[in-house]
Amino acid sequence: MTPRDDSESSGPRRSRWSDLERPPLNAAAVRRALVREGSLWREVDVVQRTGSTNSDLVARAAEGRLQEGVVLVAEEQTAARGRLDRQWVAPARSGLFFSVLLRPGDGVPMERWGWLPLLTGVAVATGLARAGGVDTALKWPNDLLVTVGGEERKAGGILAEATGDGGVVVGVGVNVSLRADELPVPTAGSLALAGAVSTDRDPLLRAVLRGLEDWYGRWRAAGGDAGACGLQEAYAAGCATLGRVVRAELPGDRALVGEAVAVDGDGRLILATEAGVQEPVGAGDIVHLRAG
């Protein structure tokens with residue numbers, strides 16, 4: 001889908017400053033902070049409105065080989081997707097909605113690429129803690145959790161898609177300033193509702209992308225070995241799934257229940273079942289049943 005400006009949308013025309021609590025991102029300032037000599041980030045584009053930043057970046061990669069390090073940010077997405085094609089809906093300028101193009105193929109075996117969503121989760125959680133002052137936990141494999149009123153709520157998600165030419169587009173969506181009456185479902189949350197000390201999206205975006213650059217650089221330098229670069233340990237420390245009894249809803253309408261005891265070297269979740277067997281889960285939907 002081609003990015004569209006707000007002026008093309010139906011209904012009354014609204015100024016991009018119509019919600020003073022949600023000012024637009026300062027694209028020029030973000031570029032100055034991130035695009036520099038020796039940086040992973042080569043290009044940062046901010047569009048007012050589009051269907052999906054992931055779909056747009058995958059399409060751009062298909063049109064011609066893009067360099068690694070392209071970042072596409074949207075102030076609003078109208079057809080955003082999560083895992084299993086779930087829809088992601090949020091008001092304009094209420095969150096961080098962006099995708100990045102990575103090319104880990106040089107030096108990282110493909111069987112280790114499953115770490116990319118987990119790596120991104122660590123980077124996002126770290127960045128949000130530093131710039132927003134809010135604790136964010138990770139639900140395997142790609143959800144970002146915050147605590148609202150003593151309850152775990154999903155405040156963000158990560159989606160990785162192959163481009164077909166050796167690249168991977170990783171998309172991130174984080175609810176930043178959503179109010180309770182704006183939540184798409186009762187189990188959703190936002191940084192604001194979790195008590196963030198800041199919901200200024202400019203420093204949040206910069207912190208997240210700097211964290212992603214740091215962890216991706218470490219992981220690549222280690223040939224994708226998550227243990228050697230410290231990523232496996234960092235992910236386990238922030239993962240809310242470990243130590244809990246969970247149900248893994250697997251492809252083929254299968255389900256597996258067990259305690260999540262580890263994340264292995266390939267990024268798979270290891271479940272200890274009642275039968276006394278440890279089963280690796282590489283893909284599936286995870287439901288937290290109770291604390292361990």
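Modeller: Let's start with a term: a crossing of two helices is right-handed if the near helix is turned clockwise from the far one by less than a right angle. Keep in mind that this is a predicted model.

Biologist: Thanks! How is the packing of two helices described?

Modeller: Two packed helices are described by the angle between their axes and by how far apart those axes are. Here, helix H1 (residues 27-34) packs with helix H4 (residues 201-221) at about 30 degrees, and their axes are 10 Å apart. Angles under 35 degrees count as roughly parallel, so H1 and H4 are roughly parallel to each other. H1 passes H4 in a right-handed crossing.

Biologist: Which residues of H1 and H4 make the contact?

Modeller: H1 brings Val30, Ala33 and Leu34, while H4 brings Asp202, Leu205, Arg206, Leu209 and Arg210. Sorted by class, that contact has five nonpolar, no polar and three charged residues.

Biologist: And at what angle do H3 and H5 pack?

Modeller: Helix H3 (residues 115-132) and helix H5 (residues 231-238) pack at about 65 degrees, with axes 10 Å apart, and their crossing is left-handed. Trp115, Leu118, Leu119 and Val122 of H3 meet Leu231, Gln232, Ala234 and Tyr235 of H5. This contact has seven nonpolar residues, one polar and no charged.

Biologist: Now for pockets. How does one find empty space?

Modeller: Rolling a probe the size of a water molecule over the atoms shows where space is left empty. In this model, the second largest pocket holds about 510 Å³. Its lining has 26 residues, with Trp113, Gly114, Pro117, Ala160 and Gly282 nearest the centre. Strand S8 gives the largest share of that lining, five residues. By class, the lining has 14 nonpolar, seven polar and five charged residues.

Conventions:
Residues numbered from 1 in each chain as written. Predicted model: local features only at pLDDT ≥ 70, side-chain atom pairs only at ≥ 80, totals over all residues. Heavy atoms only, no water. Axes fitted to C-alpha atoms, helices over the stretch in contact; angles between N-to-C directions. Helix = DSSP H or I, 4+ residues; strand = E, 2+ residues; numbered from the N terminus. Contact = heavy atoms within 4.5 Å. Nonpolar A, V, L, I, M, F, W, Y, C, P; charged D, E, K, R; others polar. Parallel < 35°, antiparallel > 145°, perpendicular 65-115°, else oblique. 1 Å grid on protein atoms, 1.4 Å probe; cavity = no way out; pocket = protein on both sides within 12 Å on 5 of 7 lines; lining within 4 Å. Points joined across faces, edges and corners; volume = space filled by probe spheres on them.
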